[in-house]
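Hi everyone, thanks for making time for this.

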Amino acid sequence: MIERFLKQTTFTSVEDYNKNLEFIIPENFNFAYDVMDAWAEEAPDKLALLWTNDQGEEIRTTFGQLKAQTDQAASYLQTLGIGKNDPVMLILKRHYEWWVVMLALCKIGAIVIPATHMLTKHDIVYRNTRASVKAIICAKDDYIISQIKLAMPESPTVKQYITLGDEEGFHNWKKEWQQAPQFVRPAFVNENDDTMIMYFTSGTSGEPKMVAHDYLYAMGHLTTGVFWHNLHEGSLHLTVADTGWGKAVWGKFYGQWFAGATVFVFDHEKFNADTLLRQMEKYRVTSFCAPPTIYRFMIREDLSKYDLSSLQYCCTAGEALNPAVYEKFLEKTGIRMMEGFGQTETTMTLGTFPWMTPKPGSMGIPNAQYDIDLLRADGSSCEDGEKGEIVVRVGDKKPIGLFKGYYRDEEKTRDAWHDGIYHTGDMAWRDEDGYYWFEGRIDDVIKSSGYRIGPFEVESALMTHPAVVECAITGVPDDIRGMVVKATVVLGKEWKDKAGDNLVKELQQHVKRETAPYKYPRIVEFVDELPKTISGKIRRVEIRERDNNK
């Protein structure tokens with residue numbers, strides 16, 4: 001399949017990849033037709049999707065079956081008046097229908113807006129209004145339904161409400177979709193630069209922005225699945241991600257199906273490391289990707305209890321990976337985690353590829369489809385070893401995978417993307433081998449007594465202590481030093497009864513031994529959990545605001 005879209009399909013080195021990665025871009029590319037339906041024609045009986053849930057239900061779907069289901073769903077959506085350029089919000093959790101609807105909307109040229117099931121009435125009204133949402137398709141869930149109903153009076157653009165069951169005021173997907181007439185592909189679906197998908201960024205501060213992506217965004221994830229995840233037609237891949245945020249299409253959709261892999265989905269209500277590991281054991285998962293938080297909980301299990309012999313390859317993204325977590329996972333499984341970096345606005349921009357030796361804690365090297373640089377505050381390029389902002393240099397042609405802009409917000413688009421440069425807002429430094437090392441968001445950097453301290457370097461030091469499951473480093477205003485370092489710490493269950501002054505001192509001394517002593521946290525607070533975005537990123541801004549309010 002990938003030979004249709006790449007001039008060279010295998011690479012043996014960083015130099016080979018950087019020199020020879022070149023896309024073949026079809027006119028009016030559409031992922032649903034040009035990839036999924038093509039697989040249905042070439043290998044109709046090949047398993048595309050293996051879905052199961054925490055109730056023991058299971059659905060196995062081939063590419064041929066998925067084509068028939070998505071055609072039927074596309075026809076059904078057309079009967080509801082949904083068509084080209086209509087924004088449709090999906091609040092479907094990890095339910096099987098999400099994959100069917102995503103492809104069906106692509107087939108009719110509608111704009112899909114995936115959303116988390118945790119939205120409140122305010123969140124839903126905000127999204128409906130900002131994006132002029134025409135239809136909402138949601139799970140049959142009491143909380144989701146209640147919040148949508150509360151939002152209805154303030155959502156005049158929404159014309160259709162569809163749910164997966166009986167509910168007053170909603171169409172019943174399960175009863176209606178199979179009754180639709182035979183699907184006829186529209187005469188014209190899309191151009192490459194039409195908007196295909198929009199995400200409301202979870203954001204670490206401020207109201208969410210609408211990130212608009214064109215149809216080539218799907219192609220941009222070819223490198224995510226085929227090269228970063230190292231997938232092939234024999235792979236059974238599991239990415240831990242809620243369908244309401246961008247990581248879902250990074251790991252459960254586009255790139256995996258470019259590779260012809262089988263996407264494995266475990267639909268569950270609450271994360272439990274033991275339950276997840278049992279699923280991986282039962283279904284013989286070969287490839288796995290999750291944010292570092294998931295790995296932190298996995299390595300606290302006795303991994304010798306599980307048969308993970310099928311597992312061949314593991315990746316991580318979402319937050320920077322603490323080296324201590326990498327080393328412990330390697331010790332327990334023999335597998336080296338391959339880290340990557342990107343944003344809702346991009347596909348993978350930095351990554352650790354199969355032909356590279358990973359460095360624990362490094363995000364890897366620039367993905368050849370992007371021109372990546374590190375900039376000082378004055379706009380000049382950083383030297384190796386110097387901290388700067390990760391940026392994407394955009395020439396005459398927008399890179400495949402980079403967003404179009406923030407929908408209906410030219411000012412925020414200009415703030416982030418100007419003078420031929422897209423500013424990520426993330427800080428890093430580059431070593432002499434070209435590997436990038438995450439430092440934190442620009443706003444998270446702590447200035448104390450003339451030092452600039454990145455939160456991640458202190459967090460990494462703390463994570464090497466056996467008591468610490470998770471931690472967040474923030475700055476607290478101080479009359480003498482300007483700011484001092486504060487650690488907000490989640491302890492392992494066997495350490496919780498030891499929380500107190502002695503453990504505070506032990507952690508402080510530990511950090512002094514692990515990194516430069518001036519970085520140690522002068523304040524340590526023990527908590528049961530850290531505030532996070534829906535995508536699992538720690539909201540340090542919330543910790544700072546809470547401390548300021550105190």
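Let's begin with Glu168, which counts as exposed because its relative accessibility is 71%. In this predicted model, Glu168 belongs to the loop that runs between strand 6 (160-163) and strand 7 (171-172). Its C-alpha atom is 16 Å from that of Ala135, a residue 33 positions away along the chain.

Now to the inside. Which residues touch the most other members of the largest nonpolar core? They are Phe31 and Trp257, in a core of 91 residues. Helix 4 (residues 97-108) gives this core its largest share, 10 residues.

On to the rings, then. There are 35 aromatic pairs. Take Phe29 and Phe258: with centres 6.4 Å apart and planes at 10 degrees, this pair is stacked. The two residues are 229 apart, with Phe29 in the loop between helix 1 (14-20) and helix 2 (31-42), and Phe258 in helix 11 (residues 254-258). Both Phe29 and Phe258 are buried.

For Phe288 and Tyr295, the centres are 5.6 Å apart and the planes at 75 degrees, so that pair is edge-to-face. Phe288 is buried at 0% relative accessibility, and Tyr295 is buried with a relative accessible area of 0%.

Last, the charges: Lys498 has its charged end over the ring of Trp495, 4.5 Å from the centre, and Lys209 lies over the face of Tyr406, 5.2 Å from the ring centre. Thanks, all!

How values were computed:
Residues numbered from 1 in each chain as written. Predicted model: local features only at pLDDT ≥ 70, side-chain atom pairs only at ≥ 80, totals over all residues. Heavy atoms only, no water. Helix = DSSP H or I, 4+ residues; strand = E, 2+ residues; numbered from the N terminus. Buried < 20%, exposed > 50% of the residue type's maximum accessible area, 1.4 Å probe, protein only. Core = buried A, V, L, I, M, F, W, Y, C linked by side-chain atoms within 4.5 Å. Phe/Tyr/Trp six-rings, centres within 6.5 Å; stacked < 30°, edge-to-face > 60°. Lys NZ or Arg CZ within 6 Å of the ring centre and 35° of its normal.
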